[in-house]
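Please keep the sequence and the model in view while reading.

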Amino acid sequence: MSTAVWPPIEANQLAREQAAAQARELEWLLVQLRETLQALKAGLEECAALLAPSEIGSTLVLSSVRSECLKGLVTRVGTRIVKGNIKLRLSSLPPPRGSTSYDLTISSAPQAPTLVIQQLTSVRTLINASLDVIDVTTWTGDASNANFVAGQLHLLHDNMQEARQALKGYSDVQLPWWENPIDEKIFDPPLPPNVSFHLFIFDAALLLEIRTLEIQNPGEEYHSGFSIRDRLAVALGGARPPVHDEADRTFTYRGQEVRVKEKIRVESQDPALISAMAKLNALEHSVTLSRKALNIVMGRDE
């Protein structure tokens, strides 16, 4: 099947009519994109509200599955953990005399350092940057210039994609645990030097990893995560150290070579973060469709 103009017109006139029709379509689309940008702004403001500090905060339960190794509560206010008490029962971390668990308590002292989740700080920064892009596109720049709007949509998409990836846990902002030791003075009493406390976001959930560490002396041999000392203890009837995915590795932590004796990983679902990520997914999809429509009308390759 083919289409034709009747009555026939000259090729030059047909080209002019096609260009005029494309210009009208582009003008109409740019007007529609202004409404789309306002809807995107409202959605981003909702995401910002979900991540903003609130008076009550979000209290999240941390509990190991099928064991009593880790039990506790933390309170998140915006990007910070302001309260927390975690009870550990690990064979490599004996509790104080008279206690059945080793407690890690976030200090409430005014001079104590703040426990900040850098991924959430990055997400809030990117959302604010996205709102700025929309304001510039709507009020400052030339909203009737297709090339300008296309560039702004590209920048908006990049910001929203990075924000979503930070909530998913795939972000350069979140460093590996051995490169990002926490300030021991965040806790009261301070965190023991042989304990690593690593708190981060993955799939919009709060993940806590606790590791007990042992210094790896130069030249000391170990096999499958067990040093000579460990194997001798097991041979004499001691408890076998638990096996984990980092048992065969050494890490440089606080300037020393260490290996991980015990590791426990606990996840806590955060409804506010889940909602924020769902909204970001939908908003990013909307921006993708808008960019695709604009590129088609402008005759650009996608």
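1. Thr252 stands opposite Glu257 in E11. The two strands concerned, E10 and E11 (residues 256-269), pair in the antiparallel sense over four bridges; strands count as paired if DSSP finds at least two bridges between them. Helices (H or I, at least four residues) and strands (E, at least two) are DSSP runs, numbered from the N terminus.

2. The model is predicted: local features need pLDDT of at least 70, side-chain atom pairs count only at pLDDT 80 or more, and totals for chains, interfaces and linings use all residues. Residues are numbered from 1 along each chain as its sequence is written, and side-chain values use heavy atoms, with hydrogens and water left out.

3. E10 and E11 belong to an open sheet of four strands, in the order E6-E7-E11-E10, with antiparallel pairing. Strands E6 (195-202) and E10 (250-253) stand at the edges, each with a single partner strand, so one side of each lacks a neighbour in the sheet.

4. Which residues form the covered face of strand E4? In E4 (residues 102-105), Tyr102 and Leu104 make up the covered face, while Asp103 and Thr105 make up the uncovered one. In a regular strand the side chains alternate between the two faces of the sheet. Strand E3 (residues 80-88) pairs with E4 in the antiparallel sense over four bridges, and Leu88 stands opposite Tyr102.

5. The structure holds six aromatic pairs; rings of Phe, Tyr and Trp (its six-membered ring) pair if their centres lie within 6.5 Å, and planes under 30 degrees apart count as stacked, over 60 as edge-to-face and the rest as tilted. The ring centres of Trp177 and Trp178 are 5.8 Å apart and the planes stand at 90°, so this pair is edge-to-face. For Trp177 and Tyr253 the centres are 5.6 Å apart and the planes stand at 45°, so this pair is tilted. Trp177 lies in the loop between H3 and E6 and Tyr253 in strand E10, so the pair ties together parts that are 76 residues apart in sequence. Ring pairs link Trp177, Trp178, Phe251 and Tyr253 into a cluster.

6. Trp177, at 4%, counts as buried, as does Tyr253, at 3%. Trp178 is partly exposed, at 24%.

Conventions: Buried < 20%, exposed > 50% of the residue type's maximum accessible area, 1.4 Å probe, protein only.
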